[in-house]
Amino acid sequence: MATLVNPFEKVRPKRVAARIEFMGQLATFSNDEIAREPGEDEWSPLQLAHHLYIADGLALEQMQLVQNEDNPLVANVGEEAPRRTSSSEPPASLDAVLAGMAARREELFEYLASLPADAWERPFLHQNWGQLKFYQLVNVLPAHDRLHAQQLTDIKAKYS
């Protein structure tokens, strides 16, 4: 008899690895570099970390929307998360951002772990991507972390 893998257990290692990649890149910055603005229309490493905190919160909101409504139209996270980041209060410190990121990630993991397998098939409508399933929304998040890890690598190269 085949054992079914819990969808959360399939996605969790991807999410953890992507976040570790981001945190590893963030750790390469000195205290002086962490908040330094890299250039016009770019974010500092601290702002990128704050953005991941904001984006995780938005992702949780969107996930709950998909689970609580029938085929909802979700926000374009690629536009909404940067808008929320830019309009939010600047982070008080790296320690505050890291604590918030850890708490939010735990909240996301607890939520995802609590969902039954059929919940991962719930449909939603994305204004740019069309009709999708819940698991596709969840699988975008590791790519988002890796994108910003690469941005940190690029910023560090500019600083060197």
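Four bridges tie strand β2 (residues 123–126) to strand β3 (residues 130–133), and the two strands run antiparallel. Together, β2 and β3 make a hairpin, with three residues between them. As for partners, histidine 126 bridges to glycine 130 in β3. Keep in mind that this is a predicted model.

Now for the helices. Here are the ones that come up in this report:

| Element | Residues |
|---|---|
| helix α3 | residues 45–68 |
| helix α5 | residues 94–114 |
| helix α6 | residues 134–159 |

The axes of α3 and α5 come within 9 Å and cross at roughly 20°. Angles under 35 degrees count as roughly parallel, so α3 and α5 are roughly parallel to each other. Their crossing is left-handed. On the α3 side, the contact is made by residues including Leu46, Ala49, Tyr53, Leu60 and Met63; α5 brings in, among them, Val97, Gly100, Met101, Arg104 and Leu108. Sorted by type, the residues of this α3–α5 contact come out as 13 nonpolar, five polar and four charged.

Over to helix α6, where asparagine 139 sits. Is asparagine 139 buried, exposed or partly exposed? With a relative accessible area of 31%, asparagine 139 is partly exposed, because that label covers values between 20% and 50%. Leaving aside residues up to four places away in sequence, asparagine 139 touches Val11 and Lys14. In sequence, asparagine 139 and lysine 14 are 125 residues apart, yet in space they are 8.4 Å apart, C-alpha to C-alpha.

Notes: Residues are numbered from 1 along each chain as its sequence is written. This is a predicted model: local features need pLDDT of at least 70, side-chain atom pairs count only at pLDDT 80 or more; totals for chains, interfaces and linings use all residues. Side-chain values use heavy atoms; hydrogens and water are left out. Axes are lines fitted to C-alpha atoms, for helices over the stretch in contact, and angles run from 0 to 180 degrees between N-to-C directions. Angles under 35 degrees count as roughly parallel, over 145 as roughly antiparallel, 65 to 115 as roughly perpendicular and the rest as oblique. A crossing is left-handed if the near helix is turned anticlockwise from the far one by less than a right angle, and right-handed if clockwise. Contact means heavy atoms within 4.5 Å. Ala, Val, Leu, Ile, Met, Phe, Trp, Tyr, Cys and Pro count as nonpolar, Asp, Glu, Lys and Arg as charged, and the others, Gly among them, as polar. Buried means under 20% relative accessible area, exposed over 50%, partly exposed in between (1.4 Å probe, protein chains only). Two strands pair if DSSP finds at least two bridges between them.
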